[in-house]
Amino acid sequence: MLQDHGIHLRAVHKTYRGRGSEVEALKDMNLDCAPGSFTALIGPSGCGKSTAMRVALGLEDYDSGEVRIAGKPPAEATAGGVTGVAFQDAALLPWRSVERNVSLPLEVLKRDPEKYRHEIEKLIQLVGLRGYEKALPGQLSGGMRQRVSIARSLITEPEVLFMDEPFGALDQIRRRKMNVELQRIWMETESTALLVTHGIDEAVFLADNVVVMHSNPGRVVEAAEIPFARPRKMELYSDPDFHALCEKIARVLHGE
Ligand code: ADP
């Protein structure tokens with residue numbers, strides 16, 4: 001098992017057991033995200049993407065296999081601030097200002113936010129929200145709230161960044177703009193990133209590797225390397241090679 005700063009799942013099995021029912025959510029799940037790489041996990045609803053992410057965050061037990069996040073067991077990595085997380089609904093606290101939402105993970109880790117003033121300012125600038133430090137989430141657009149969520153996920157300088165459909169609530173044009181931004185931010189942080197998404201184009205645009213899952217049982221069926229040079233620009237979305245690769249991945253996704 002690799003002990004580097006990446007994300008590694010080896011032969012992970014996870015079955016949800018209810019009264020008289022069993023769902024094999026992950027069967028022999030293997031995933032290797034090299035340190036500093038960007039991986040996108042795609043697959044139909046119910047194929048186990050969220051389960052894989054919850055397992056990697058230490059929020060969900062698994063039946064067998066091994067998981068290492070930046071060389072640590074998942075719960076230890078999460079508790080130590082090694083991992084950052086951004087979820088679909090941004091999940092901001094409505095009564096806290098932008099800067100106090102960004103500083104929240106520091107408080108969870110019992111660190112003094114006052115000592116991180118400079119980092120908080122820098123991150124708010126990095127996600128393009130300078131001037132909105134004192135604003136409340138209700139005063140921001142959906143895209144701005146997602147940016148706060150990204151800034152918050154980065155405040156502990158995580159070695160590993162997990163994102164579950166972070167721009168799922170946005171329309172396509174805003175989503176593409178946010179993807180360009182996310183790439184820029186990620187390139188500055190040098191973290192290992194794992195993105196769960198439904199969007200093939202989003203996965204191909206952002207990732208070094210796109211990992212495709214199928215359901216019943218949830219498993220990895222293919223990992224495709226994405227060759228486009230960085231930084232990738234908005235124009236890539238209209239590149240014929242980009243479309244060809246998206247098509248190829250769509251065929252794997254739909255089991256053709
Ligand atoms: P995805 O994120 O790809 O949509 P999930 O990881 O949420 O997939 O779910 C994988 C499978 O496990 C699905 O069949 C889902 O119904 C089932 N499942 C997920 N969470 C639970 C749970 N807490 N209890 C029982 N079954 C679950």
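**View 1. The second largest pocket of this predicted model and the residues that line it.** In this predicted model, 15 residues line the second largest pocket, and those that lie nearest its centre are K122, L154, E157, E188 and T189. The space that lies in the second largest pocket comes to about 350 Å³. Sorted by class, the lining of this second largest pocket holds 5 nonpolar, 4 polar and 6 charged residues.

**View 2. Helices and domains at the second largest pocket.** At least two residues of the lining of the second largest pocket are supplied by α5 (117-126), and at least two by α7 (172-189). The largest share of this lining comes from α5, which provides 4 residues. At least three lining residues of the second largest pocket are drawn from domain 1 (1-82 + 162-170 + 188-256), and at least three from domain 2 (89-157).

**View 3. The largest pocket and its centre.** The volume of the largest pocket is about 470 Å³. Its lining is made up of 20 residues, among which T83, G84, V85, P105 and V108 are the closest to the centre of the pocket. The elements that give two or more residues to the lining of the largest pocket are β5 (83-87), α4 (104-108) and α6 (142-154), and of these β5 gives the most, with 5 residues. By class, the lining of the largest pocket divides into 12 nonpolar, 7 polar and 1 charged residues. As for domains, the lining of the largest pocket draws at least three residues from domain 1 (1-82 + 162-170 + 188-256) and at least three from domain 2 (89-157).

**View 4. The shell of residues around the ligand.** The residues around the ligand are Y16, V23, A25, P44, S45, G46, C47, G48, K49, S50, T51 and R54. Both β2 (21-33) and α1 (49-56) supply at least two residues of this shell, and the largest share of the shell, 4 residues, comes from α1. Divided by class, the shell around the ligand contains 5 nonpolar, 5 polar and 2 charged residues.

How values were computed. Residues numbered from 1 in each chain as written. Predicted model: local features only at pLDDT ≥ 70, side-chain atom pairs only at ≥ 80, totals over all residues. Heavy atoms only, no water. 1 Å grid on protein atoms, 1.4 Å probe; cavity = no way out; pocket = protein on both sides within 12 Å on 5 of 7 lines; lining within 4 Å. Points joined across faces, edges and corners; volume = space filled by probe spheres on them. Nonpolar A, V, L, I, M, F, W, Y, C, P; charged D, E, K, R; others polar. Domains from an automatic or database assignment. Near = heavy atom within 4 Å.
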